[in-house]
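Dear colleague,

I am handing over the structure that we discussed, and it is placed directly below.

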Amino acid sequence: MQITYNNAQQSVITKEYDPVALRATKEIIAPVMCDFMGWVLQCAKASGLKRLYFLARDGWIMYNTATVIAEKNGLDIELKYLYCSRISLRNAALKMLGRQESYRYLLEGGFTLTPKVILSRLQLTDDERQKVYNDIGFSLDEDVEMGKAAAAEFCGKLRGSQVYNSFIDAVSDRCRERAIGYLQQEGLLEDTPYGIVDSGWTGSMQRMLCILTGKKQKGFYFGLYAKPDTEYGEYLPYLFDKSTSPLLVSRFNNNLFETLCSAPHGMTAGYKAAGNGVYEPILKNDSDFSPYFLNKDMLMTQRQELLRFAGEDFRLSENVSDIKERRRFAFSLLDKLMYRPDEEIAKAYGGLRFSDDPSELYSFPLASRTDNCKRLYFLPRLVEKFLHKGEIKQPIYWSYGTAVLSGKGRFCRANLRLWEILWLMKR
């Protein structure tokens, strides 16, 4: 079934099923996701919220799950799916953010940096990119991969480019009106008390929504690595936040979590006026990279079992305020998937693809067997980070899965966890 804007939310049933996904969902994913959604719904009810927006694309499976739970328990709260992305909201807000913060988003690092990837974050056309290249004197292949030093030099030239800076303003102007039109259409400018739901990590989407709508948001998140600025509203984490012990959080993998939430539609690239004052999202066709299209049977099995569990087996907790009990429950289950996966799970879920870049022009498997096992141990990795900055290597998005597929055991996992703990402490 082809996924379009009009049918992306419809139930898609497949006769095929994946036994690994069925086991992992039944034992781990469904209990945790349903508890997360139950917590969100009960917190929203206690706060007097009348509406919840689930942010694309991580929010797609959350929206479906919450709908089942709300209907089953007779919860009177409106649930809506909001098409958005880092690019669709950030580019609309660039002028409001100021030049230096715009540079931080547009010229951030990544695992696979090419001139095209960097300029595609601003969604420049082929002709527009060529004008920028001419202005900064760049004549090489725009698809050439750049190391950190070369990327830093390229981005430095962009900062000084009058042509590039003029495009920042032009893109922001043309995106902002349509983005605000869509958000207004969906009710985010109304006085109705509402909240937003997302996977989390930094809370930047909530900040962009607040800037564009002029309204403080109340956000519900699976986890938060950073301490968000309360100027943009309230941020409520389900599993962890900045104060949670790194010993716990180091066992969690946000890249894998995002991939589990894959939606059957592409990234929201922006918005368009469809006539009669109606705005629609522009969805990127990413079937070559999308985890959903590349692993449809696996992710459809997960979705079907998750919704079955939500409707038949899940019971709302009577005490949603017991943080210690919630963390003990969720971390103990997620350990089996993220921190101590067996080979079957590591192979199946490691094959899902992930992209760390807002442009989504590239993606890599979450985990795969590596012969360069030095990258999995603390000291060699530390040396690589500081002494070999210019080298380009395939990213390891899920290190614990990679260790299993590479035949490494407990000692390697301890090295990986030490790296994660120090990264969390630094952050």
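Is Cys-373 buried or exposed? Cys-373 is buried, at a relative accessible area of 15%, where buried means under 20% relative accessible area, exposed means over 50%, and partly exposed lies in between (1.4 Å probe, protein chains only).

Before the rest, please note that this is a predicted model, in which local features need pLDDT of at least 70 and side-chain atom pairs count only at pLDDT 80 or more, while totals for chains, interfaces and linings use all residues. Residues are numbered from 1 along each chain as its sequence is written, and side-chain values use heavy atoms, with hydrogens and water left out.

Cysteines

The structure holds zero disulfides, a disulfide being a pair of cysteine sulfur atoms within 2.5 Å. For Cys-373, the closest cysteine sulfur belongs to Cys-412 and is 7.1 Å away, which is too far for a bond.

Salt bridges

Across the whole structure, a search finds 25 salt bridges, each defined as a side-chain nitrogen of Lys or Arg within 4 Å of a carboxyl oxygen of Asp or Glu. One of them joins the side chains of Arg-129 and Glu-142, at 3.0 Å from N to O. Arg-129 lies in helix α6 (residues 126-136) and Glu-142 in the loop between α6 and α7 (148-159), so this pair ties together parts that are 13 residues apart in sequence; helices here are DSSP runs (H or I, at least four residues), numbered from the N terminus. Arg-129 is buried, with a relative accessible area of 5%, and Glu-142 counts as buried at 18%.

Another salt bridge connects Arg-176 with Asp-173, at 3.1 Å from N to O. Both residues lie in helix α8 (residues 162-185), three residues apart, or about one turn of the helix. Here Arg-176 counts as partly exposed at 21% relative accessibility, and Asp-173 counts as partly exposed at 33%.

The side chains of Asp-313 and Arg-308 also meet in a salt bridge, at 2.9 Å from N to O. Asp-313 counts as partly exposed at 39% relative accessibility, as does Arg-308 at 26%. Through salt bridges that share partners, Glu-305, Arg-308, Glu-312 and Asp-313 are joined into one network.

Definitions and conventions. Helix = DSSP H or I, 4+ residues; strand = E, 2+ residues; numbered from the N terminus.
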